[in-house]
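Please open the model in your viewer and keep the sequence panel beside it, so that each stop of this tour can be selected by residue number.

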Amino acid sequence: MIDKPDVDERSLATEVAAAWGVDVTGLAFLPLGLDGNAWAYRVDAAGGERYFLKLRRGDFARAAVLLPGFLRAQGVRQVVAPIDLPDGGASRPFGDHRLLLYPFHDGGSLWGRGLTDRQWVEYGEFLGRLHAVTPTADLAAVLPVETYRSSAGERLRALGEQAATSEVLGDFWDRYAAVLRRLSARVDDLAARLTRGQHVICHADVHPGNLIADGDGPLHVVDWDAPILAPRERDLMFVYSGDFGDHPINAHRAALFRRGYGPLEPDRTMLGYYRSERQLDDVTAFLDSILNAEASPESQANDLHWLTHVAETVAAEDDR
């Protein structure tokens, strides 16, 4: 989120220091993500160490806390897992919020600069290993399971009524309402035509923005907030769609990815469903954020930019 949370940052730094035994020298707010209930900070510590702090209003999903450490124990080394508290567990309360602390990795996300050839192979290796891991019974019990029933269409209908009368969104809604209603209908149509696939552990948001690397260095996969048991296309959609990152897959990159992943023939209907459902979900997330009475004008402008980008993408596909 672009807007800072309504918390006292000195108290936040004190809590982190006490909870994890870190000599905190500074906090730097990081305007990341679309989740209106989650915020990120870089934590600077004496001696030059740095950490990544996630602050969430309410509780973290149990799977988000437990799965990353489990995967690292299974040898999926790219996973960035939360740091355990000295007295056990990983999540720490902070007023109405919860905290998770992670290692901080240099280099930034690969959304803008893309993956090198070596990293495309590693991307495939990572997802191949992830999809081959069998969860324990305890972990499977807390992982959501794909139902192929999206709530995004209902959210669009509810938010559309507000958008139509909004000073910020009125013009946008006049122009794109019909396009977005067609998108919602397409999601329902694709869901009805799906052939149910085998469920595997999916990250569920594994686009290049959640891949961190320093130069051509190893990949670090972050943002395990919403893992799910679903067909592998739930993750492969981010690989094969052109919507995510400034350097999407092409024939050369696809060959490199398959070299790492292994033999691969994704279900095209399933890929289409997940891509359309993600577009619709992003639309509702942006609408909800813009309509939030607490959103700053800067945040609204940023979200409207990306909302319009999604709507224009969908409209262009309708015209083809």
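Begin with the second largest pocket, which holds about 190 Å³ of space. A pocket here is an open set of points on a 1 Å grid over the protein atoms alone, where a 1.4 Å probe fits, with protein on both sides within 12 Å along at least five of seven lines, and its lining residues have an atom within 4 Å of a point. Grid points are joined across faces, edges and corners, and a volume is the space filled by probe spheres set on the points. Select Val65, Leu66, Gly89, Ala90 and Ser91, which are the closest to the pocket's centre of the 13 residues that line it. Helix 2 (residues 62-73) supplies the largest share of this lining, four residues; helices (H or I, at least four residues) and strands (E, at least two) are DSSP runs, numbered from the N terminus. By class the lining has six nonpolar, three polar and four charged residues, where Ala, Val, Leu, Ile, Met, Phe, Trp, Tyr, Cys and Pro count as nonpolar, Asp, Glu, Lys and Arg as charged, and the others, Gly among them, as polar.

Before moving on, keep in mind that this is a predicted model, in which local features need pLDDT of at least 70 and side-chain atom pairs count only at pLDDT 80 or more, while totals for chains, interfaces and linings use all residues. Residues are numbered from 1 along each chain as its sequence is written, and side-chain values use heavy atoms, with hydrogens and water left out.

Next, colour the two domains, domain 1 (1-104) and domain 2 (107-319), whose bounds come from an automatic or database domain assignment. Their centres, taken over C-alpha atoms, are separated by 24 Å. To the contact between them, domain 1 brings 21 residues and domain 2 brings 30 residues, contact being defined as heavy atoms within 4.5 Å.

Now turn to the largest nonpolar core and select Leu71, Tyr123, Phe126, Leu127, Phe172, Phe257 and Leu287, which touch the most other members among its 73 residues. Such a core is a set of buried Ala, Val, Leu, Ile, Met, Phe, Trp, Tyr and Cys residues joined through side-chain atoms within 4.5 Å, and buried means under 20% relative accessible area, exposed over 50%, and partly exposed in between (1.4 Å probe, protein chains only). Helix 6 (residues 170-192) gives the most to this core, with 10 residues, and at least three residues are drawn from each of domain 1 (1-104) and domain 2 (107-319). A second, separate core has 20 residues, including Val7, Val16, Val24 and Val43. In soluble globular proteins, nonpolar side chains tend to be buried together.

Stay with Phe126 and show its surroundings: apart from neighbours within four places in sequence, Phe126 is in contact with Val76, Gln78, Val79, Val206, Val221 and Trp224.

Select Glu122 in helix 3, where this residue is buried, with a relative accessible area of 1%. Which residues does Glu122 contact, leaving aside its neighbours within four places in sequence? They are Arg77, Gln78, Gly217, Pro218 and Leu219. Arg259 is 137 residues from Glu122 in sequence, yet the two lie 9.0 Å apart in space, C-alpha to C-alpha.

Follow helix 3 (residues 117-132) to Ala132, which is exposed, with a relative accessible area of 59%. The C-alpha atom of Ala132 is separated by 8.0 Å from that of Ile201, which is 69 residues apart from Ala132 along the chain.

Two loop residues follow. Ala204, in the loop between strand 6 (200-202) and strand 7 (211-212), has a positive phi of about 85 degrees although it is not a glycine, and Ala204 is buried at 7% relative accessible area. Asp223, in the loop between strand 8 (220-221) and strand 9 (228-230), has a positive phi of about 65 degrees and counts as partly exposed at 26% relative accessibility.

Finally, look inside for the one cavity of 30 Å³ or more that a search of the whole structure finds, a cavity being a set of points where the probe fits but cannot get out. About 40 Å³ of space lies in the largest cavity, and its lining can be shown by selecting Trp120, Pro208, Phe238, Val239, Ser241, Phe244, His247, Pro248 and Ile249. These lining residues divide into seven nonpolar, two polar and no charged.
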